Amino acid sequence: MKNDLSIPASITDTQRFCSSILEMKYGRKGETSANQVFTRVATALAADASEQQRFYSGMCAGFIPGGRINASAGIDGATTMINCFVQPVGDTISGYDDEHRPGIFNALEEAAETMRRGGGVGYDFSAIRPAGARVKGTNSYASGPVSYMQVFDRMCSTVESAGARRGAQMGILRVDHPDILTFIDAKKCPDFKTLGLSEQDNTALMRMVGSNFGFGYALRGAFAKLSNFNISVALTDEFMRAVETDSDFDLVHKAEPSHEATTKTSAEGRKVFVYRTVRAREIWDRIMRNTYEGAEPGVVFIDTINHDNNLHYIERINASNPCAEQPLPDYGCCDVGSVDIARFVVDPFTPQARLDKDAFADAVSVGVDILDTVLDRTVWPLKQQESEAHAKRRIGVGILGWADALAMLGMPYGSADSVTFVAQVHEFMRDKAYEASVQLAKRKGPFPLFDADEFLKDGTFASRLPEQIKDDIRKYGIRNSHLLSIAPTGTIATAFASNGSAGIEPVFAHALKRNVRMQDGSIKEFKLQSRVSELRTLMGLPMDDSPVLRTALQLSVDDHLNIMAAAAPYIDAAISKTINVPEDYPFDAFVDVYYKAWKMGLKGVTTYRPNVMMGAVLVADDGKEDVPKEAMTVDPDRRVQLKSMPPLASTIRYPRRPETPEGVDARVYQVNHSAGNFSVVVSHWMNGVAHPIDVYVAGAEQPRGIAAIAKLLSIDMREEDQPWIAMKLDSLMRTDGEDSFEMHLPGQERKVMVPSLVSGFAQLVSHRLQEIGALNRDLPSPMIEALFSRKEPKTTGEGGIGWHVDVNNPTTGDDFVLHTKELRMPDGAIRPYSVWLSGKYPRTLDGLAKLLSIDMRISDPQWILRKLSKLRGFGENQGHFMAQVPGQSRSMVYPSTVAYLADVLLHRFAVLGYARAESGDAPVKVTKGKYCPACHTLAVHKRDGCEVCDNCGATGNCG
């Protein structure tokens, strides 16, 4: 018997919120419940009473049609049931070009009609000739695709899509188009200094932008070329291999340039002109930097999309719908719906938890039938769309509630078990969907352009089906060319699945506050729980620190990628999924996300990093974030005033541990101390010279805190700034403590007295680095140059203000006060610059405080924020304890005193405007995010595939 996922009477806010979304988005003619919507949809689609009952029962059981189907089926009007389309754009102003694509303004008219009837639109603008290309008919020169995209952008802003749904557009350009760099920068805020502003005027302008949200939004909108587009670059395998090998890459087009140019034959066998040759990594780095700082452009791996296309023999895919779950040919449509997999989990949160595969298979089967029927019942904005859909009958059955189901089954999202299970379920779903389509073909016939030999040809998606299904396809045909697609489902998961997890996404948070702008314009606040949280409350289970309850930002990037890669081989269209990365995620690691995605065979990837270019913090030319307004209020108390600071050093990076397939060399030192015996291990790898890589502490008796110092030193060592690590070690070697002892130092015959355990540890590390030639204090040091003060600034006799927190860990007996000194930066912002402890604690933490104090004085605050983030998960044997989450009313278990100190300090930086306090799942006041044009606050964040304003509830783009 399946579990009952109804909402308990004692938990009402979430249900009321979901009901309000259902009524506003999908309810028609007084409908207030999902059953009423499903009744209307089933009645509108079914041919007879029997089919109506089957459709209705299937939807009640767990198949949820896409949003446009729920909103438009059975409604008197001219709106379409299709969510999105892809429209062609040719290389001519009007009429049709030589490949029979509509001219630019013909395509504009077609797109406007499509959006007017409720459909989003994706386009490939690559056919349009580059800026400067020869236009023989008028003896003039072309202005390039981005200039014409601006016309589409303005059209979208003036055409209100049906049902008050904002127009959605995806603009794609091939990576080998000569205007690709202009396209990549099309949504980038300009550097106003290049427009003629002096340094002083530019600084003043940035301050006005940061302190006046409405002005900042209007200014950015005035300069943004494509504010009504999502944009993505179509990356080819040839380009990715050139990036991989750091090779040159040709930018080409079939249109003749105005300058002399060589020609070549493209991969598609056509003659093209080589406009110029560039280093592939120049383009790659521009894409990655813009995406890291501004969330766009996205990328689609266009060759991967086409390689396994079932219809390789009659179509070439160049673009996708706006959410990217459906790569489509010209005039292709996105006819989608999703099975709520959590509805089919039996005995959730018990050792007997399992998936009811038979019931799940039935839902997949009825979903195929419903979506196929939509193609014959919907209103089509254009005849070409209708012809394309009926010739191929492309549909997309997907899944929502994956994260909920994994939690109910006891599998942490991203774990090895979950990855295996996701692959198994999607393989099962693939087979059941294709079997259902074969059964439809028996009754209604295959899609008109079906060719069994080509459809099942080696290399297509269908060629990987089980032999029995392939035999049936050869015998009976198949009704639909494509059957599977995972959409974002953010809104339907809320409205129809009790705030369930969206698509294949992890849960964003188990507890939220959401404000919703009601139809009368009023704002109403709701306190929400995730569906998992509600179900556990109903069952009397706690919301604890169990790994199965991890949320999006508690996952590693690999957790996200591995889940996506597990499903991808069994999805014939694509997957819309957002990989959430924290604001302090290292840029080099961020780039690896995209490279890994290509290697894994994914068709595209989307990331979301909170520090977006269009958000609360503008990025100045030097890369330093302007300080938010909240951090610049007048403080009546005295603070040290910093009069000037050096510019950020461009070479500062946040290093990752390099891959060392040949292994590393390591030296092990044994330390005997009254607090415990342990080993210090210092490792390096060779590449002509020695590169320090790690220092760590081994042994069950190791004194508390020393491993945390080693963790921070390892990061510093990998920076490969020798004077910097020498400065850190010198500071540690001078640390006095109550734990002085005699120890053997390498190269000395007898024991010597060292002033503290921290000092002895540092002397061992220093000796080893000197031994391998990695501690030259005379080299240039970008890190030291980036310090706004090499020594700790001191107060005058008048004193200065600081910040203090009581810390008590009853498990270990720690009972002390954490202190920070704070100063005022030249721009008015408040900044911690020193930390120390007083009270009862292991004196090794004095060494940790010394390292953090130096890190706090790096001019870029992201350095210290990243260091602290690395300590948030630092654990000690039997050192965990319960403590209040900084800035919140709840408590949680911390793995060690060090982890709690890191969280406390991160919260202080967050309060001062440098980072968002994200210590857990409970809601926190949003201080950073995209600008919301509805309520004029900076509170828009991406969750469950959609951009949602936490202040007013406005929903923007999804996907």
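The exercises cover confidence first, then salt bridges.

This is a predicted model, in which local features need pLDDT of at least 70, side-chain atom pairs count only at pLDDT 80 or more, and totals for chains, interfaces and linings use all residues. Residues are numbered from 1 along each chain as its sequence is written, and side-chain values use heavy atoms, with hydrogens and water left out.

**Exercise 1.** State the mean pLDDT of the chain.

Solution. Start with the term: pLDDT is the predictor's confidence in each residue, from 0 to 100. The chain's mean is 84. Of its residues, 84% reach 70 or more. Next, look at residues 1-11, where pLDDT is below 50.

**Exercise 2.** Find where the partners Arg531 and Asp340 lie, and decide whether each is buried or exposed.

Solution. A salt bridge is a side-chain nitrogen of Lys or Arg within 4 Å of a carboxyl oxygen of Asp or Glu. Here the closest N and O atoms are 2.7 Å apart. Arg531 sits in helix α20 (residues 531-538) and Asp340 in strand β15 (residues 336-340). Helices (H or I, at least four residues) and strands (E, at least two) are DSSP runs, numbered from the N terminus. The partners are 191 residues apart.

Now accessibility. Buried means under 20% relative accessible area, exposed over 50%, partly exposed in between (1.4 Å probe, protein chains only). Arg531 has 3%, so Arg531 is buried. Asp340 has 0%, so Asp340 is buried.

**Exercise 3.** Do the accessibility step for Lys264 and Asp250.

Solution. Their salt bridge has its closest N and O atoms 3.1 Å apart. Lys264 has 28%, so Lys264 is partly exposed. Asp250 has 22%, so Asp250 is partly exposed.

Methods
Contact = heavy atoms within 4.5 Å.
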